[in-house]
Amino acid sequence: MKLYFSYQFIFLSTAIFLSNISGASYAQKPILKNYSINNGLPSQIVYCVTQDLQGYIWFGTDAGVSRFDGLIFENYTIKDGLSDNEILNIHRDSKGRLWFFALNGKLSYYANGVFFNASNDTLLSPAQTKFEAVSFMEDSDNNIWIGSKSLELFCYTNEGTSQLFELDSLMNHPVNSTYNWVFTYNPSKNKIWVITGYHISKMFEYKNKTFIEYEDQSLIVPASSHFNLQTCGEYGAFFNGTSGICSIINGKVQTSIPRSAIPLYEKDYRFFVDRRQDIWTTNTDNILHHYKQLQGEYVEDFSYSFDETIGAVYFDSEGNTWFTTTGAGVYKASPSSKYMTAFPSDSHNDDVSIKCVKGDTQGNIWFSTTKGSLYHLLDDTINKYTLTTSMGGAAIRNFEFDKTGSLYCITDLGVFLLKRTPSGYINFIDVPAKSKNIEYNFRSAKYLQKDRNNRIFFTSATGILQLDEANSDRTLKYVPYNNLMNHRIYCLYFDSNNNLWFENFENLCCYNGKGVVTYPSIDKELNSKITCLEGVSDSVLAVATYGNGVLFLKNGKIINKITEVNGLAGNLCRQIYIEQDTLYVATNQGFSYFTYRDNTISDITTFSTTEGLPSNDTRYIYARRGKVYVATTSGLCIIEKKLSGKKEDVAPPQVYINHILVNGKRLKTNWLNASYNDDITINYTAITFDQPEKLLFQYNIKGNENDWIETKNTTAILASLKPGDYLFRLRAKKFNSSWSIPLEFPIYIMPPFWQEWWFKSIMFSLTLIATYIVIRYLTGRKYRIRLQQAKAQQALAEERNRIASDMHDDLGADLSNILLMTRMNKKKNIDLGTNMNQFNEIEQFTTNVIGKVDEIIWALNPEQDSLRDMINYIIDYCQRFITHKYIKGSIKKPDKISDKSISSVFRRNVFLVVKEGMNNIIKHSEATEFTIELEESGEKLYVLLKDNGNGFRDDDKLERGNGLLNIKKRIEELHGVCSLQSIPGIGTTLEITVPIQ
């Protein structure tokens, strides 16, 4: 007999029924998932299995090792660093290293993504043994002890040394003549026992680097064949001795499973101990027995039958059990596998695609197949009825029981009856249409259903037919209201009032005895075919859709909904089965069941191939007497309801980054520096073996908790990242777990070189140098200009001094002589009685010219270029004016006068403005008094000139009079302001304010 586990139908039977055969016994087998070379394993021969600290499952085969994350197998060979491709055992030490035992006797191990062998770890050089290694132990000091079949023992110490011990000399036995296996055990700290078995049984203690024969050789007595010792926990171990399977705890031996409880004990049996310290035994018949510890004793729990030899048994961190075989790959049993069975075929039967499953009134189970078979499970026997027509076999889509227990079956070729009689069932007979003029194509029959009066109705492409049981022919006829139907009819349901609900080409309709009621508002939300209608209660209708999950209707309105988003196995639903307040839904992605109470959906649980279903493609569900029967395309699965408890506190998966591609180049680092225009691809994974296809990932690179990107892909592509520091955060969740703690991976995106700090520093330095050069050049140029200006000013001052000196010495002297001569001639002519008018005029003119020359000399003299000198000169001028013009004057000068340097232009213009004002007082105003005020205020000079003269009315005099016009121009030239106010009969006031220059 063959055993098919993954996507195959498992059935242990003594015969195959291809015709009407009754009363054959049957047995069921557990459903296991199979992984083979078709899934990615390098070979069908798998010797061993273990799980690393990250959660990956590793398999040792005759073609290398394979690492599995639930979806993908990654295979490694001698090209990657293995010492040999045929790996017989894999062991994990406390540091997370995986040790590989090869057929050629050489050792290798895997750590931090690298395979080590004698070529890159010299400590492994002495590890070459004559035969393959058979035992592994890590003692309390973390030294690794590896024993072989050839009385050789290799020690790889935690201190960085290694040594190969040859024990044949201790027993005076030629190693090459036979096998002698070596095992080690650490009964307590700093104590090592060495046990040999198979042909020669000896026990030694390793003390002070010496092997001493143990005083009590009867403590551990190995079995005569295939001796094995497995260490468990800190100081525990199990071995197969002459009394059965024995345990050692702290050096004390006791029998755990007596040989009488082990089937075929004498036939070369082997045992395995998993992480729970459950014991598995197998022998030459390839039946694997499981023993579980209950109240201190081991009791057989269940057994599996295999067609191939079992290589190893391993229990992983998620509760799955793995079985390796030497010819059929690897099998996985989920925690629920022992509660799930399947049938009806053996390995040679292809009649495994189940269409429908139901129970009769006697509590027996019936199910139909696509090959036209109808199976009847009656207690421990099975009956099979095969439908054969002139056109061959026909798939039995659905069936229903009438009042007598007979079965009406709809097929692709029509409706057929399996009639029940007192002596049994008569093989299938045809159920004809009532009249030949009824255009009914039996190939379009889709569904059948009983109403509340147990009358059977059928659906077709042309309407609804009813079984006419009024005559013995049991013919089919259209329902009286068939003319109200349009298009294809797929499914039916009769509610508590016997109203007929049906699907009419993606529309929901209800015939209430008077007419057909439609629901266009619901049809818009359906947007898919209706596959099943069932009443949850008198007022609530459950609607299974082919693409939109399950809807709940009340009074013609949708009141609730369940889809993949909130836990349904799949949105393509095929059937609903209701048991009290539990709803079972068959989908193309497995089946789900949940509680529906008071319009609340709770306790959603999903079953798929991961939990042991032979296929996710489920078609029909039926529940009875503590079992759930699931029809799938790969067989009928029977599940005990004890599995229905909701899964709680499921640990989230661990996430890992496999590799990073930068512009297509593969990197593997704990951080990443990339350029601003690099393309970054991050490949990651999360390890789970519980529906790995439903893994979800989220990653985040912005740091904001609201910016998670969710995906099912295992690759993230990062492009167009701006320069800066990033933290790539990655997390994952199973379909039934919370999100894992995020894995964090730092990324630095380097800016273009012109944004780098060193480039900015260079440019800043060059800018400083350039600025320094420019400033120095400009400063030098300015200094040179100022020097030239200073030289020019000095030359100008010297020239002004020369001109003033020349004018004083030459012109002034000449004018003084003219004035002196005029006065002498005037005196002579007075004596002669001559008219003095001309002489007076010449004298006055000469005097005036001399005054003007003095003023010019004062203006030219650079030694007078200060504010104090200018104000003092103006005051002296005004005082002379008072003396010579016989006018009263009031002169107010500042208490303190600064010695600020002023320009000759400023000095001359201010003086001439005052002079022009004084001349206007004498010539035009006929004033008897005047007032002049000078005040220095900050950087400005304020001058007030006021008289009590005639004043004037004409406002245009300022524009017409040359004197007043000159005053305005001079003040504007100095960027000052001028204010002139005149009141006839009262006087005139002139105010000027000029910035000191």
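This report describes a predicted model of a protein, moving from its overall make-up to individual residues and the pairs that they form.

## Basis of the model

Because the model is predicted, local features need pLDDT of at least 70 and side-chain atom pairs count only at pLDDT 80 or more, while totals for chains, interfaces and linings use all residues. Residues are numbered from 1 along each chain as its sequence is written, and side-chain values use heavy atoms, with hydrogens and water left out.

## Overall make-up

The secondary structure of the protein comprises eight helices and 75 strands, where helices (H or I, at least four residues) and strands (E, at least two) are DSSP runs numbered from the N terminus. Of the 997 residues, 50% count as buried; here buried means under 20% relative accessible area, exposed means over 50%, and partly exposed lies in between, with a 1.4 Å probe and protein chains only.

The accessible surface comes to about 48400 Å², and 49% of this belongs to carbon and sulfur atoms; such areas come from the Shrake-Rupley method with a 1.4 Å probe, and for residues only the protein chains shown count as cover. Among contacts in the protein with a separation of 6 or more, 52% are between residues 24 or more positions apart, a contact being heavy atoms within 4.5 Å.

I562 is placed in strand β54, which covers residues 557–562, and its relative accessible area of 0% is why it counts as buried. Leaving out residues up to four places away in sequence, I562 touches G549, V550, F552, L568, F594, I601 and I604.

R97 lies in the loop between β9 (87–92) and β10 (98–102), and R97 counts as buried because its relative accessibility is 12%. The side chains of R97 and D93 are joined by a polar contact of 2.6 Å, a term that stands for a pair of N or O atoms within 3.5 Å, where within protein one must be able to donate a hydrogen and the other to accept it, and residues adjacent in sequence count only if both atoms are side-chain atoms. Beyond its neighbours within four places in sequence, R97 is in contact with H91, R92, Y109, Y110, A111, I144 and Y156.

## Salt bridges

Side chains of opposite charge can pair when their charged atoms come close. A search of the whole structure finds 18 salt bridges, each defined as a side-chain nitrogen of Lys or Arg within 4 Å of a carboxyl oxygen of Asp or Glu. D451 forms one with R455, with the closest N and O atoms 2.7 Å apart; D451 counts as buried because its relative accessibility is 5%, whereas R455, with a relative accessible area of 33%, is partly exposed. A network of salt bridges links D274, R276 and D278.

## Exposed loop residues

Q295 is not a glycine, yet its phi is positive, near 55°. Q295 is found in the loop between β27 (287–294) and β28 (297–305), and Q295 counts as exposed because its relative accessibility is 85%.

H975, which is not a glycine either, has a positive phi of about 60°. H975 lies in the loop between α8 (962–973) and β74 (977–983), and a relative accessible area of 65% is why H975 counts as exposed.

## Cysteines

A disulfide is a covalent bond between the sulfur atoms of two cysteines. The structure holds zero disulfides, judged by a pair of cysteine sulfur atoms within 2.5 Å. C48 counts as buried because its relative accessibility is 3%, and C232 is likewise buried, with a relative accessible area of 11%.
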